[in-house]
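Thanks for coming. I will take one chain today and go through a few places in it, then finish with the overall counts.

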Amino acid sequence: MYLADGRPAPSPSVSPGGRRDGRGRRVRAAVPSTVLVLGAVSLITDISSEMVTAVLPLYLVAELGLSPLGFGVLDGVYNGVSALVRLVGGRLSDGGGGRGHKAVAAVGYGLSALCKPLLLMVHTLPLIGAVLAVDRTGKGLRTAPRDAMISLAAEPAARGRAFGVHRAMDTAGALCGPLVAFVLLRAAAEGYDAVFTVSFCVAVLGVVVLLLFVPGRALPAAEDTAGRGPAGPRTPVRALLRRPQVRRLTACAVLLGLTTVSDSFLYLALQRRLDLPAGWLPLLPLGTAAAYLSLAVPMGALADRIGRRRLFLAGHLVLLGAYGLLLAPFGGGAGLVCGVLLLHGAFYAATDGVLAAATADAVPEDARGSGLAVVQTGQTAARFVCSLAFGAAWTAWGDHTAVLAAAVGLALAAALSARLLRPAAPAPAPNSPSEHTP
């Protein structure tokens with residue numbers, strides 16, 4: 001395993017098209033050890049994080065007696081803080097000649113690890129919210145520097161494969177976490193205490209692997225001239241929003257985000273509808289994840305064929321179908337669970353990466369990151385408001401009425417978004433002859 005901070009001089013066999021042998025044939029480069037180690041760190045950390053995420057809704061509502069409104073506040077904080085500090089993590093990590101990437105990532109992983117045992121010590125809404133905010137701050141801080149280390153470790157021609165390997169390992173951890181939580185809840189007398197304690201130990205292991213095996217200085221694996229040259233002037237948010245396509249995409253992301261019920265609330269509603277045992281709740285995210293993983297690539301190809309904006313809207317109609325199954329007076333059992341989770345995973349496959357791709361089409365290269373941040377921050381803020389509103393509706397009128405209100409709102413938002421994203425009709429050419437002219 002390569003652990004040194006330096007790197008050898010570039011080999012003459014490395015060309016802009018990738019590594020080639022003596023006969024000029026392209027040779028597939030091995031995945032750098034740094035990428036594999038960072039993948040292992042993400043796998044370990046996601047096992048820890050998803051253990052907590054899987055049991056958190058039931059722990060807060062059933063064990064601590066938190067109202068749905070209180071849980072809505074916490075769920076919004078949990079999902080919103082990470083996006084708000086991601087840009088900060090990227091800016092901080094770029095200092096120090098490449099050494100800041102590992103340092104900032106380590107701080108982020110460490111913050112998240114420290115929050116796991118604190119959940120056992122706090123029992124009021126403000127304190128729980130503070131712990132979750134710190135946990136999400138850690139995630140936001142580590143994401144950009146981790147990805148920067150991956151991009152620097154891999155050869156430019158093999159970066160896509162390197163990120164694919166890392167994301168596959170990350171997803172494996174996300175799938176294992178709920179399974180571990182499920183086993184602990186069924187096997188341990190104090191199930192929640194066992195989940196949080198084991199989660200903390202696993203998170204600490206991830207930090208140790210990062211500190212010991214990831215090089216302290218991120219240097220390019222090969223010459224990369226694409227990113228050289230003076231940086232252009234930063235495009236302010238106002239200038240980006242003056243672009244009609246960016247403004248419309250942001251408006252649609254906000255409208256649809258205002259009616260997108262969070263995963264935790266959807267799982268709670270499904271658990272209440274079927275009166276599932278509490279120990280089965282951690283398994284529900286696995287169904288969504290499995291559907292998402294199996295449909296992500298086909299949905300991406302479909303977006304390229306029929307249009308990314310069109311598929312983004314269609315994905316929200318799929319989510320509307322999941323709401324409809326929850327509201328349907330008929331059906332139940334395994335069929336309802338599979339149907340809701342399949343539609344939920346298909347919704348993510350049709351929207352998660354598709355929105356980013358649609359935004360990239362509308363933003364110039366020198367402002368790509370800022371444009372993505374504008375649209376994603378608008379979506380995140382809207383989903384935070386949705387968590388508050390859905391929690392309040394659940395508290396006041398019950399889960400069935402809250403889901404019904406979300407479904408009606410989503411249908412209206414989809415109709416408005418379809419109008420906003422409709423391509424403008426081309427202006428008629430001057431002095432063009434009428435079709436009725438003989």
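Ser-199 sits in helix H6; helices here are DSSP runs of H or I with at least four residues, strands are runs of E with at least two, and both are numbered from the N terminus. Ser-199 counts as buried because its relative accessibility is 0%. Buried means under 20% relative accessible area, exposed means over 50%, and partly exposed is in between, with a 1.4 Å probe and protein chains only. Leaving out residues up to four places away in sequence, Ser-199 touches Ser-48, Met-51, Val-52 and Lys-116, where contact means heavy atoms within 4.5 Å.

A word on the source: this is a predicted model, in which local features need pLDDT of at least 70 and side-chain atom pairs count only at pLDDT 80 or more, while totals for chains, interfaces and linings use all residues. Residues are numbered from 1 along each chain as its sequence is written, and side-chain values use heavy atoms, with hydrogens and water left out.

Staying with H6, which covers residues 191-213, we come to Leu-212. Is Leu-212 buried or exposed? Leu-212 counts as exposed, because its relative accessibility is 57%.

Next, Phe-390, in helix H13, residues 368-397. With 4% relative accessibility, Phe-390 counts as buried. Which residues does Phe-390 touch, not counting those up to four places away in sequence? They are Val-261, Phe-265, Ala-402, Val-403 and Ala-406. Take Phe-265: 125 residues separate Phe-390 and Phe-265 in sequence, yet their C-alpha atoms are 8.4 Å apart.

Now helix H8, residues 244-257. Its 14 residues reach 20 Å from first C-alpha to last, close to the 20 Å expected at 1.5 Å a residue; the expected span is 1.5 Å times one less than the number of residues. Buried in H8 are Val-246, Leu-249, Thr-250, Cys-252, Ala-253, Leu-256 and Gly-257. Seen down the axis of H8, these buried residues fall within an arc of 165°, so they line one face of the helix. That arc is taken over the directions from the helix axis to the C-beta atoms. In general, an α-helix has 3.6 residues a turn, so residues three or four places apart point the same way.

Last, the overall counts. The protein chain has 14 helices and two strands. Of its 438 residues, 44% count as buried. Among contacts between residues at least 6 apart in sequence, 83% join residues at least 24 apart.
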